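Colleague: I've got a model open and would like to learn how to read it. Could you take me through it feature by feature?

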Amino acid sequence: MRRITTDCTGCGACAEVCPVKAIHPTGDKYLIVEEECTNCGQCDDICPVEAIETE
Ligand code: SF4
Ligand code: SF4
């Protein structure tokens with residue numbers, strides 16, 4: 001699964017590319033909803049600060 005770390009700047013780029021809309025805003029950061037994520041990796045590829053981790 002993938003997880004967004006505290007390095008997230010809240011730019012929203014990952015949420016825009018996620019094909020299944022699994023990334024949601026939470027306060028000033030974003031969160032991946034595990035049950036919705038298909039682990040495609042597109043968010044990981046686009047994050048400018050490498051805030052998305054694979055576990
Ligand atoms: S692309 Fe990266 S910095 Fe931008 S909202 Fe997503 S996790 Fe945060
Ligand atoms: S890995 Fe793919 S499905 Fe999962 S949150 Fe990222 S873009 Fe969305």
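Colleague: Let's start with Gln42: in which helix is it found?

Modeller: Gln42 sits in helix H2; helices (H or I, at least four residues) and strands (E, at least two) are DSSP runs, numbered from the N terminus. Keep in mind that this is a predicted model, where local features need pLDDT of at least 70, side-chain atom pairs count only at pLDDT 80 or more, and totals for chains, interfaces and linings use all residues. Residues are numbered from 1 along each chain as its sequence is written, while chains are lettered from A and ligands numbered from 1 in the order in which they are written.

Colleague: What does Gln42 touch, leaving out residues up to four places away in sequence?

Modeller: Contact here means C-beta atoms, placed from the backbone, within 7 Å of each other. By that rule Gln42 touches Val17, Cys18 and Pro19.

Colleague: Which phi value does Lys21 have?

Modeller: Lys21 is not a glycine, yet its phi is positive, about 55°. You'll find Lys21 in the loop between helix H1 (13-17) and E2, and it is exposed, with 10 other C-beta atoms within 10 Å. Asn39, another non-glycine, has a positive phi near 65°; its loop runs between E3 and helix H2 (42-46).

Colleague: How do strands E2 and E3 run?

Modeller: Strands pair if DSSP finds at least two bridges between them. Here four bridges join E2 (residues 23-26) to E3, and the two are antiparallel. His24 is opposite Leu31. Two residues separate the strands in this hairpin, and Gly27 has a positive phi near 65°. On E3 (residues 29-32), Tyr30 and Ile32 form the covered face, Lys29 and Leu31 the uncovered one.

Colleague: How many residues surround ligand 1?

Modeller: A residue is near a molecule if its C-beta atom, placed from the backbone, lies within 6 Å of it. Ligand 1 has 14 around it, the closest being Cys8, Cys11, Ala13, Cys14 and Cys47.

Key:
Buried ≥ 20, exposed ≤ 12 C-beta atoms within 10 Å, placed from the backbone. Contact = placed C-beta atoms within 7 Å.
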